[in-house]
Amino acid sequence: EAELQRLEEERRRADERERLAMLERDAAEKKRLQELKDRAAKEEEERKTREEEERRKAAEEAAELERQRLEDEAKQKEDEEKREEEERRKREEEEQRNKAARELEDSKRAEEQALRE
């Protein structure tokens, strides 16, 4: 009878050790899975952050290129307007010289005509 109780007690302790070992394995597996989930979440967050930073940089570069393009366009327009103004001024000067030359020529002809008369 005592031997039977001792064997029963050993079996009960063995069952308890096995149950505890199984609980420890389950807890370790649960911890491992949680660590994997946490690492995956962290990597996903880092990926999103990198992508957002890349998008922000690309947007800044595009804005800078657009600003430069508009600046270049404005400069070209200003240069064109200056060139056109310079051409207009030269034409006006040429017209004034031609007019003065014609007036001088007309005046000389009138003088010569007056001297002949």
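E60 and R56 both lie in helix α1, four residues apart, or about one turn of the helix. Their side chains meet in a salt bridge of 2.3 Å, N to O. A salt bridge here is a side-chain nitrogen of Lys or Arg within 4 Å of a carboxyl oxygen of Asp or Glu. E60 is partly exposed, at 45% relative accessibility. R56 is also partly exposed, at 35%. The terms are set by relative accessible area: buried is under 20%, exposed is over 50%, and partly exposed is in between (1.4 Å probe, protein chains only).

The model is predicted; local features need pLDDT of at least 70, side-chain atom pairs count only at pLDDT 80 or more, and totals for chains, interfaces and linings use all residues. Residues are numbered from 1 along each chain as its sequence is written, and side-chain values use heavy atoms, with hydrogens and water left out.

The secondary structure of the protein chain amounts to one helix and zero strands. Helices (H or I, at least four residues) and strands (E, at least two) are DSSP runs, numbered from the N terminus. The radius of gyration of the protein chain is 50 Å, well over the 13 Å that the globule rule gives for 117 residues, so the chain is more spread out than a compact globule. This radius is taken over C-alpha atoms, and the rule is 2.2 Å times the number of residues to the power 0.38. The C-alpha trace spans about 170 × 5 × 5 Å along its principal axes. Helix α1 covers residues 2-116.

Buried residues make up 0% of the 117 residues. The accessible surface of the protein chain is about 11,200 Å². Carbon and sulfur atoms account for 51% of that surface. Areas come from the Shrake-Rupley method with a 1.4 Å probe; for residues, only the protein chains shown count as cover.

The chain has 35 positive and 46 negative side chains. Lys and Arg count as positive, Asp and Glu as negative; His and the chain ends are not counted. The centres of the two sets lie 3 Å apart. Each charge is placed at NZ of Lys, CZ of Arg, CG of Asp or CD of Glu. Side chains of opposite charge can pair when their charged atoms come close. The structure holds 29 salt bridges.

One of these salt bridges joins K75 and D79, with the closest N and O atoms 3.0 Å apart. K75 and D79 are four residues apart in helix α1, so about one helical turn separates them. K75 is partly exposed at 46% relative accessibility. D79 is partly exposed too, with a relative accessible area of 35%.

Another salt bridge is formed by the side chains of E94 and R97 (2.6 Å, N to O). Both residues lie in helix α1, three residues apart, about one turn of the helix. E94 counts as partly exposed at 37% relative accessibility. R97 counts as partly exposed at 49%. Elsewhere, salt bridges that share partners join E3, R6 and E10 into one network.

E80 also lies in helix α1. The side chain of E80 makes a polar contact with the side chain of R83 at 2.3 Å. A polar contact is a pair of N or O atoms within 3.5 Å; within protein, one must be able to donate a hydrogen and the other to accept it, and residues adjacent in sequence count only if both atoms are side-chain atoms. E80 is partly exposed, with a relative accessible area of 33%.

A62 lies in helix α1 as well. A62 is partly exposed at 43% relative accessibility. A62 and E51 are 11 residues apart in sequence. In space, A62 and E51 are 16 Å apart, C-alpha to C-alpha.
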